[in-house]
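Subject: Handover of a structure model

Dear colleague,

Please find the structure below, handed over for your own work. My notes on what was found in it follow directly after.

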Amino acid sequence: MRIIHTTDYKDMSRKAANIISAQVILKPDCVLGLATGTTPLGTYDQLAEWNHKGDCDFSQVSTYNLDEYRGLSHDDPQSYHYFMLKNFFEKININLENTHVPNGANPDAAAACAEYDRMVDEAGYPDLQLLGIGRNGHIGFNEPDDVFSKGTHCVDLTQSTIEANSRLFEREEDVPRQAYTMGVQTIMRARMILVVANGTNKAQAVRDMCFGPVTPACPASILQLHTNCVVVADSDALSLC
Ligand code: F6R
């Protein structure tokens, strides 16, 4: 695991965007695994800026997002699909047919998850997987548990995740209680993993991820075993390391 220290959110976003941009330049038809949440927004903005300048071409790239709320359709403004469209895909020259998010509108969890696993498998797994990290060490929606998860599955969100995500909803009651998420095993199959983190509220999780025991009680800790994992974090997020 390599840790890249950055001064602040802007610096973190720019360095993370540089790494993703290098991946796209080196392999124009690469597969990117993407995350939602507030942390990657600056990275997406930076990539969109370089895309407009002609420096980073997404026309052959395909993407697979980590997760989606169960029960929300693709056009629901609170869905992760919609989030990706507004915050990234509509700002770059990507072919929307090459963008993928688990189908939250399919109430049959087993079928929705199996279908997503099949698609990610057929795509050959991400060349680069971008991850944020939850305050409890979750990656995707893989919450602290007794075991590491495998493929895409349906999860009950923990109270801390519901509270953290309620800032994006009008009321906490509106936050869906379940989500479909790529499993830890699938995430680990990406050829490179890039974790972004900023702010003091992530400091404990970043410390546990980088230096704690490898345990499903902190799902991100398994990234210590990945052979090509880079953490790009600001000084606040690294303050306990
Ligand atoms: C989002 C996701 C989550 C977030 C994490 C951090 O697709 O998979 O694991 O990366 O909850 O969220 P932010 O960046 O909002 O702090």
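I begin with Lys202, which is buried at a relative accessible area of 12%; buried means under 20% relative accessible area, exposed over 50%, and partly exposed in between, with a 1.4 Å probe and protein chains only. Lys202 sits in the loop between strand 9 and helix 7. Helices (H or I, at least four residues) and strands (E, at least two) are DSSP runs, numbered from the N terminus. Apart from neighbours within four places in sequence, Lys202 contacts Thr39, Ile133, Gly134, Arg135 and Ala237, where contact means heavy atoms within 4.5 Å. Between Lys202 and Gly42, which are 160 residues apart along the chain, the C-alpha separation is 17 Å.

The model is predicted, so local features need pLDDT of at least 70 and side-chain atom pairs count only at pLDDT 80 or more, whereas totals for chains, interfaces and linings use all residues. Residues are numbered from 1 along each chain as its sequence is written, and side-chain values use heavy atoms, with hydrogens and water left out.

Overall fold

The protein chain contains seven helices and ten strands. Along the principal axes, the C-alpha atoms fill a box of roughly 40 × 40 × 35 Å.

Of the 241 residues, 52% count as buried. Among contacts with a separation of 6 or more, 80% are between residues 24 or more positions apart. The accessible surface is about 10500 Å², and carbon and sulfur atoms hold 49% of that area; such areas come from the Shrake-Rupley method with a 1.4 Å probe, and for residues only the protein chains shown count as cover.

As for charge, there are 19 positive and 31 negative side chains, and the centres of the two sets lie 5 Å apart. Lys and Arg count as positive and Asp and Glu as negative, while His and the chain ends are not counted. The place of a charge is NZ of Lys, CZ of Arg, CG of Asp or CD of Glu.

Nonpolar cores

A nonpolar core is a set of buried Ala, Val, Leu, Ile, Met, Phe, Trp, Tyr and Cys residues joined through side-chain atoms within 4.5 Å. The largest one has 29 residues, of which Ile20, Val24, Leu32, Leu47, Phe58, Phe88 and Leu194 touch the most other members. Elements giving two or more residues to this core include helix 1 (9-26), helix 2 (41-52), strand 6 (128-131) and strand 9 (192-197). Helix 1 supplies the largest share, five residues.

Leu47 touches Ala17, Ile20, Ser21, Cys56, Phe58 and Phe88, with residues up to four places away in sequence not counted. A second, separate core has 28 residues, including Ile187, Ala190, Val195 and Leu238.

Individual sites

Two further loop residues lie between helix 7 and strand 10: Ser221 and His226. Ser221 is buried at a relative accessible area of 0% and touches Phe148, Asp208, Met209, Pro213, Val214 and Thr215, residues up to four places away in sequence not being counted. His226 is buried at 7%. Beyond four places in sequence, His226 contacts Met188, Ala190, Arg191, Met192 and Ile193, and the C-alpha atoms of His226 and Arg189, 37 residues apart along the chain, are separated by 8.8 Å.

Gly151, in the loop between strand 6 and strand 7 (153-156), is partly exposed at 23% relative accessibility. Its contacts beyond four places in sequence are Asp117, Thr181, Met182, Gly183 and Thr186. The C-alpha atoms of Gly151 and Asp117 are separated by 6.6 Å.

Ala114, in helix 4, is partly exposed at 45% relative accessibility. Ala114 and His153 are 39 residues apart in sequence and 8.3 Å apart in space, C-alpha to C-alpha.

One backbone angle deserves a note. Most residues other than glycine have a negative phi. Tyr125, although not a glycine, has a positive phi of about 70°. Tyr125 lies in the loop between helix 4 (109-123) and strand 6 and is buried at a relative accessible area of 12%.

With kind regards
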